[in-house]
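Here is a friendly tour of a few local features worth a look. Please keep the viewer open as you read.

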Amino acid sequence: METQIVLEKWPGVISTVSIGATKAEGGTRSNVVKIGGQTAMPLLFREGVIPNKPKIAFEIWDIAPLDFDEELLCAYGKAIRDPFAWAEVCVNDYKAELLCLKMQGTHPDFGNKTPQDAAKFVSTLLHKVKVPLVILGSGDDFKDNLVMPVCSEAAKGERCLIGCAVQENYKTLVASVLADGHNIIAESPIDINIAKQLNILISDMGLALERIAINPTIGALGYGLEYAYSIMERARLAALSGDKTLASPFICFVGQETWKTKEAKVSPQQGIIWETLTATSLIQSGADLLVMRHPQAARNVSKHIEALFRE
Amino acid sequence: MFIIGELINGMYSNIAFALKERDKKIVQTCALEQISNGADALDLSCGPASKNPLIDLPWLVEAVQEVTDKPLCLDSGKPKVIEEGLKAAKNKTIINSTTADIEKLEILIPLAKKYQSKLIGITIDTRGIPQNKDQRLELAAVILTHAGENDFPIQDLYLDPIAMPVNVAQSQMQDILGAIHEFKMISDPSPKTVIGLSNVSQGAKLRSLINRTFLTMAVASGLDSAILDPNDKELLDTLITAELILNKNIYCDSYLEAYRKK
C-alpha cells in the first residue's frame with residue numbers, strides 16, 4: 001500500500017525583508033537580497049512556498065580584528081589589516097552577496113572611534129563595495145546610541161539591515177531606521193516572549209513589522225544551539241499559524257559564536273567544520289540570514305544550500 | 001477563536017432605524033467598529049420587527065460588504081430570506097442557521113453547498129429545546145449524518161448546542177459545556193462549535209460578567225467560535241487571556257495588543 005504523506009497547510013506567511021536598494025529604488029547597491037517570504041516550515045517544499053533561499057553575509061569589522069583566531073586571519077591574508085581591503089576580498093574573491101559590518105572600533109574598549117569617524121567609514125565602504133549591507137553597533141548601548149544614528153544617516157536610502165535593537169535599548173535605533181529607510185534587527189536573549197514583545201514595541205513606534213528581522217541569539221554547536229533551535233521552531237510555528245508579531249525572518253550570528261568555542265580553535269579544519277555545522281543546523285530550524293566568518297565555511301554552507309534547494 | 005460580531009441586528013434600535021430609513025452609514029459604522037475591536041465575521045439579522053426580510057437582509061449584506069470583505073453570517077430562521085442574502089453576498093458567508101429538522105436540512109445543506117457557504121446547525125428540532133447533553137448529542141448526530149450523506153464538508157459545519165439563559169436553565173449549563181466538548185469527538189474530521197453567547201445572560205443583571213465567565217469555560221471546553229459583542233472590551237480581554245492560558249498564542253507582556261494586531 002502506498003504511504004500517504006500528510007501535508008500541513010499554514011495560513012500565515014513570514015515577511016519578506018529586502019536588504020539593499022538599487023539605483024532604481026533610490027540607493028546605489030548592485031543587488032537586493034531578499035530573505036523570508038515562506039509559507040512553510042524550513043525545507044518542507046511541498047507544504048508551501050519558500051521563495052528565498054537562506055543567505056550568507058560575510059562578517060567584517062571597521063577595524064582590524066583584535067581577537068580573531070589565527071585561522072581566520074590567515075584566510076584573508078594581509079587584507080584583514082585594512083577593513084576596506086577585507087571587504088573587497090569578501091566581495092571580489094569570495095563572491096559575498098551581502099556584508100555584515102560590525103562597528104567594533106567604536107566600542108570604548110576597542111578604539112572608541114567617534115561617531116563622525118564611524119559615519120565616514122560607512123560612507124567610504126558604501127562607495128568601495130556595492131553589495132547590500134548589514135550594519136551592527138559595537139554592543140555598547142550608550143555608544144551605539146551616539147554612533148548608529150549617524151551611521152544610519154550616512155547610509156540613508158541604501159535600505160540596510162541595522163542592529164541590534166534590544167528590549168532595554170531600541171528607541172534611538174528605531175527612530176533612525178524609520179528616518180533613513182532601513183530595516184532593523186530585533187535581538188532577544190533566546191527568549192520567545194521577549195522576541196514577540198520587542199517586535200510589538202518596535203511596531204508601536206511606527207516601523208512596520210515587515211521591516212524587522214529577529215536575532216533570536218544562538219549558541220554554536222555544543223553551546224546551546226538546541227535552545228535557539230527550539231525557540232526558532234516555536235516562533236515559526238506560531239507565525240505560520242497566523243501570529244504576525246512573530247512572522248519575521250531570522251538572522252543568526254554563526255561566525256561570532258562558532259569562533260568563540262574551544263573546539264573551533266583546536267585545528268583550522270575543525271573550526272571550519274564547526275562553523276559549517278552550526279550554520280547548516282540553523283538552516284534546519286529556519287535561519288534566513290547567516291552571518292559567517294570563514295570563507296571556506298561560507299562556501300561549504302553555500303553549496304549545501306544549493307543542494308537543499310536543487311529539487 | 002473565530003469571533004462573530006452580533007451587533008447588526010434589527011432588534012437593536014439603531015439598526016431598526018437604519019433599516020427603516022435605508023441609512024447605510026449606521027450599519028457600516030457598526031460593522032467597522034466591531035471589526036476594529038476584533039470581530040472576524042459579522043452576524044446580519046433584520047430582527048423580528050422587519051416587515052420585509054426578503055429585501056432587508058440583502059440590503060444589509062450590500063451595505064456591509066461595501067466596507068469590509070469579512071465573512072457575513074446570514075441570520076434568519078427562514079431559508080428563503082437566507083437565500084436572498086446569499087444571492088447578494090460577494091463576501092464569504094455562514095448560514096445562521098439550520099435546525100436538526102430534516103425538512104430544514106434538506107433545504108439549507110444544498111443551499112450552503114450551492115453558495116459554498118459555511119453552515120451553523122443548532123441542536124434543536126420541532127420538539128423544542130433539548131433538556132440535557134444527550135439530547136443535544138442526538139440532534140448533533142442527526143445534523144452531522146445528514147451533512148455527511150450529502151457531501152457537505154464537515155469542517156465547514158458549526159454545531160451550536162444552544163446557550164440557555166442562566167436564570168432560566170441553570171441546571172443545563174454543564175450540559176451545554178459538556179456538549180461543546182463532545183461535539184468535537186463525534187466525527188473525524190470534527191465539526192466546529194459555536195454559541196450565541198449573549199443568550200447565557202439574557203434577563204440577568206450582571207450580563208457582561210456572566211458572558212465572560214461562561215465564555216472562558218466554553219473556550220476551555222474547546223469552543224471554536226462565538227457570536228458575541230466584540231465591543232465589550234473586558235469580554236475580549238478575557239477571551240484573549242483564556243486562549244493564552246490554553247497555549248493557543250505565545251505570551252508576551254503586551255499579549256492583548258499582540259492579539260489585536262493579528
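## A threonine in chain A

A polar atom of the Thr280(A) side chain lies 3.2 Å from the backbone oxygen of Leu277(A). This model is predicted: local features need pLDDT of at least 70 and side-chain atom pairs pLDDT 80 or more, while totals for chains, interfaces and linings use all residues. Residues are numbered from 1 along each chain as its sequence is written, chains are lettered from A and ligands numbered from 1 in the order written, and side-chain values use heavy atoms, leaving out hydrogens and water.

Thr280(A) is buried, with a relative accessible area of 10% (buried means under 20%, with a 1.4 Å probe and protein chains only). Leaving aside neighbours within four places in sequence, Thr280(A) is in contact with Val301(A) and His304(A) (contact means heavy atoms within 4.5 Å).

## Two helices in chain A

In chain A, the axes of helix H4 (residues 141-154) and helix H5 (residues 171-180) come within 9 Å and cross at roughly 10°. Helices here are DSSP runs of H or I with at least four residues, numbered from the N terminus; axes are lines fitted to C-alpha atoms over the stretch in contact, with angles from 0 to 180 degrees between N-to-C directions. H4(A) is therefore roughly parallel to H5(A) (angles under 35 degrees).

Technical notes:
Buried < 20%, exposed > 50% of the residue type's maximum accessible area, 1.4 Å probe, protein only. Polar contact = N/O pair within 3.5 Å; in protein donor to acceptor, adjacent residues only side chain to side chain. Parallel < 35°, antiparallel > 145°, perpendicular 65-115°, else oblique.
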